[in-house]
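Let's take a friendly walk through the pockets and the surface of this structure. Have the viewer open as you read.

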Amino acid sequence: MSALKGSAGAESERPAPRRPSPARGPGDRIFRVQLTAAGVVVLAIMAAVGLFLLLRAGQALRTRGVWGFLSTAEWQPDVHRFGIAAVLTGTLLIAAVAVTISVPLALGTALFISDIAPRRLRRTLVSMVDLMAAVPSVVYGLWGLFFLQQHVIGLSRWLSDWFGWIPFLHVDGTQPGEPLASQSVYTASTFVAGIVVALMVAPIQCSVMREVFAQAPAGEREGAYALGATRWGMIRAVVLPYGMGGIIGGTMLGLGRALGETIAVYLIISPVFTIQPHILQTGANSVSSLIALHYGDASTFGMSALMAAGLALFLLTLAVNFTASSIVARSRSGAQSEA
């Protein structure tokens, strides 16, 4: 008994085990300081851009008021009748069309490259997707204006004839099945601009999704196959749930790019300053195209109004990117397999 008590007392007197902590040398501390400084610089630049836009837009916002600026569709700053209701609606519609088309395209391409394509073909496909992302936007705009638009008119007419009862697919001044309907009512539309922007943002979305899908745990993949799953069953049970954060993050990143696209949209659309909800009908607008169109001949007050429009677009894009970051941070993407 005394021996047992002595051994118990000796165990109680032993110090608690210490957790090993990684040693941080001078190189680690320098690297940490550099990362912190880089983050602070990025935030400072963003704050400086926002402050610059706010100061330059102050005159227009004080004259028109925030609510008046957001609810007015006209753009006549020299007579103090201006607002971004029409261009903001057009911006959101073009971005919505682009994301609707680009997300399935990017998702399918990313899954094919990461899980279906042969290994020899993957590197070629990755290079092609990255090359699409490097093409200048003006090239996409010219391609959409002189090539794509004339081939999309038939699709726009078909959608209008068969689905014109849906409000945003209706085209004013046309009748279903009318053979002599003018094709000009389908040109320079939100739909055409959205397709072009979709092809511009799809490579970015595909790259984000592909990187996340490639990191899906091998143990869980093999476990799904061991339980008798097919390749599609493994993708549905393992890859897609694991990469959901990447899918959402890539989608939101593409949405942020689509909201701010300027040159391609500017070349394609026919600017109108009325709220235009019909995506197949000629006439559209966007905030970035508005700035590009009126920047050269704007007066001092008109420049302040353009800065206010830029501030609205800056805040909208910032909100989209922060939302994407928060969603990705809460997702399972990047977790390690427990198998």
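In what follows, Ala, Val, Leu, Ile, Met, Phe, Trp, Tyr, Cys and Pro count as nonpolar, Asp, Glu, Lys and Arg count as charged, and the others, Gly among them, are polar. Please keep in mind that this is a predicted model.

The residues in question are L61, V66, F69, L70, L88, A308, L311, A312, L315 and L316. Two elements, α3 (66–71) and α13 (300–330), each give two or more residues to this lining. Helix α13 provides the largest share, five residues.

The largest pocket has its own set of lining residues: L105, A106, T109, F112, I113, L125, M128, V129, M132, A202, P203 and C206. Here the elements that contribute two or more residues are α4 (85–116), α5 (119–134) and α7 (190–214). Of the elements, α4 gives the most, with five residues. By class, this lining holds eleven nonpolar residues, one polar residue and no charged ones.

Here are the two volumes side by side.

| Pocket | Volume |
|---|---|
| Largest pocket | about 220 Å³ |
| Second largest pocket | about 180 Å³ |

**A nonpolar patch on the surface**

Which residues form a nonpolar patch on the surface? They are V135, V138, V139, L142, F146 and I263, and together they have about 480 Å² of accessible area. Helix α6, which spans residues 137–163, gives the most to this patch, with four residues.

Is L142 buried, exposed or partly exposed? Its relative accessibility is 40%, so L142 counts as partly exposed, given that this class runs between the 20% limit for buried and the 50% limit for exposed.

**A buried valine**

Now turn to V265, which is found in helix α11 (residues 263–268). V265 has a relative accessible area of 2% and is therefore buried, since buried means under 20%. Along the chain, V265 and V192 are 73 residues apart, while their C-alpha atoms are separated by 9.2 Å.

Notes
Residues are numbered from 1 along each chain as its sequence is written. This is a predicted model: local features need pLDDT of at least 70, side-chain atom pairs count only at pLDDT 80 or more; totals for chains, interfaces and linings use all residues. Side-chain values use heavy atoms; hydrogens and water are left out. Patches are made of residues with over 30% relative accessible area and no salt bridge: like charges are joined within 9 Å, nonpolar side chains (Val, Leu, Ile, Met, Phe, Trp, Tyr) within 5 Å. Accessible areas come from the Shrake-Rupley method with a 1.4 Å probe; for residues, only the protein chains shown count as cover. A salt bridge is a side-chain nitrogen of Lys or Arg within 4 Å of a carboxyl oxygen of Asp or Glu. Buried means under 20% relative accessible area, exposed over 50%, partly exposed in between (1.4 Å probe, protein chains only). On a 1 Å grid over the protein atoms alone, a cavity is a set of points where a 1.4 Å probe fits but cannot get out, and a pocket is an open set with protein on both sides within 12 Å along at least five of seven lines; lining residues have an atom within 4 Å of a point. Grid points are joined across faces, edges and corners, and a volume is the space filled by probe spheres set on the points.
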